[in-house]
Amino acid sequence: MSFQTLFTKLEDHTLIITINRPDKLNALNQQVMLDLDAVMDRVYKFPEIKSVIITGAGLKSFVAGADIKEFEALSKEAAIAVAKKGQSVFSKIENSPKPVIACVNGYALGGGCELAMSCHFIVASENALFGQPEVNLGIMPGYGGTQRLTQKVGKARAMELIVTGNTISAAQALEYGLVNYVVPQPDLIAKAQSILGASHAKAPIAVANSIKAVNAAWDESINGYDLEATLFGECFITADCKEGIQAFIDKRKPDFKGH
Ligand code: CO8
């Protein structure tokens, strides 16, 4: 797999995606968005990829936002189109059938915070900094930040962060429930890998259906309980369900095959 703006590495079935524009603090230009879209297609498609880590190159920044220099000539219509396209890329990440962790290794600002929040959860290094500073530029979040930040930290905290443009530290993000863990920077990827390793041993269809059902909790067009019951039922027609139950009865580890 080769991309202009991303490094990718498959390690123990986890695809590590590194956004690679360190001289621009990994700002999301349109090429990065195209590359993220394309790499996620491969994540959906390739069975050897069981999970994903998204991180930024260097020690200073995860992603310092959308590339501000690309905003200069945007018309209203073009801005709407760019926002919608970005939202669809992030929604592809959020709806990935395989777990996706954001390893936030520094600045996660604007579109960077929005990218991290589109992942299933976040592990942060101690130097991470989160915020939606768009109001400083006379704009507002456009890649889903108003919605996902509100889901994750509640309306009052999201509103304060978005209308002030203030940033929060990794420790505060942990207190807000925005991140699951804060670790020293050298341990960041290993921490995410150890979490993902635990999920690799589980039945892939059960994992994918669980992701779908949890995501439905924020989709008003879906009755999440109905969807959960349907997906629960679907698990029962899988060979992995029979294997999981038989393994419990036999007092052995299950050997899931993904069907
Ligand atoms: N876009 C483009 N370039 C950037 C960005 C960015 N978001 N952030 C940093 N860079 C570049 C700098 O221009 C600089 O490049 P150069 O060396 O060529 O001048 C390089 O990265 C290093 O940056 P700094 O010298 O500024 O580094 P500092 O350590 O001094 O400062 C900061 C780090 C505080 C992170 C600072 O760079 C900064 O404030 N960056 C902008 C943060 C920001 O406002 N992010 C939000 C952007 S808007 C957004 O994300 C909207 C998302 C929705 C889009 C919807 C589509 C329409």
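**Reading a helix pair and a sheet**

Tutor: In strand 8, Gly-131 is the bridge partner of Leu-109. This is a predicted model, in which local features need pLDDT of at least 70 and side-chain atom pairs count only at pLDDT 80 or more, while totals for chains, interfaces and linings use all residues. Residues are numbered from 1 along each chain as its sequence is written, and side-chain values use heavy atoms, with hydrogens and water left out.

Student: How many bridges join strand 6 to strand 8?

Tutor: Strands of a sheet pair through backbone hydrogen bonds, either parallel or antiparallel. Here strand 6 (residues 107–109) and strand 8 (residues 129–131) run parallel and are joined by three bridges; pairing requires that DSSP finds at least two bridges between two strands, and strands are DSSP runs of E with at least two residues, just as helices are runs of H or I with at least four, numbered from the N terminus.

Student: What order do the strands of the open sheet have?

Tutor: The four strands of this open sheet have the order 4-6-8-9, with mixed pairing. Strand 4 (61–63) and strand 9 (167–169) are the edge strands, each pairing on one side only, and the twist from one strand to the next averages 20 degrees.

Student: At roughly what angle do the axes of helix 1 and helix 2 cross?

Tutor: Axes are lines fitted to C-alpha atoms, for helices over the stretch in contact (heavy atoms within 4.5 Å), and angles run from 0 to 180 degrees between N-to-C directions. The axes of helix 1 (residues 30–45) and helix 2 (residues 76–94) cross at roughly 30 degrees and come within 9 Å. That makes helix 1 roughly parallel to helix 2, the term for angles under 35 degrees.

Methods. Angles under 35 degrees count as roughly parallel, over 145 as roughly antiparallel, 65 to 115 as roughly perpendicular and the rest as oblique.
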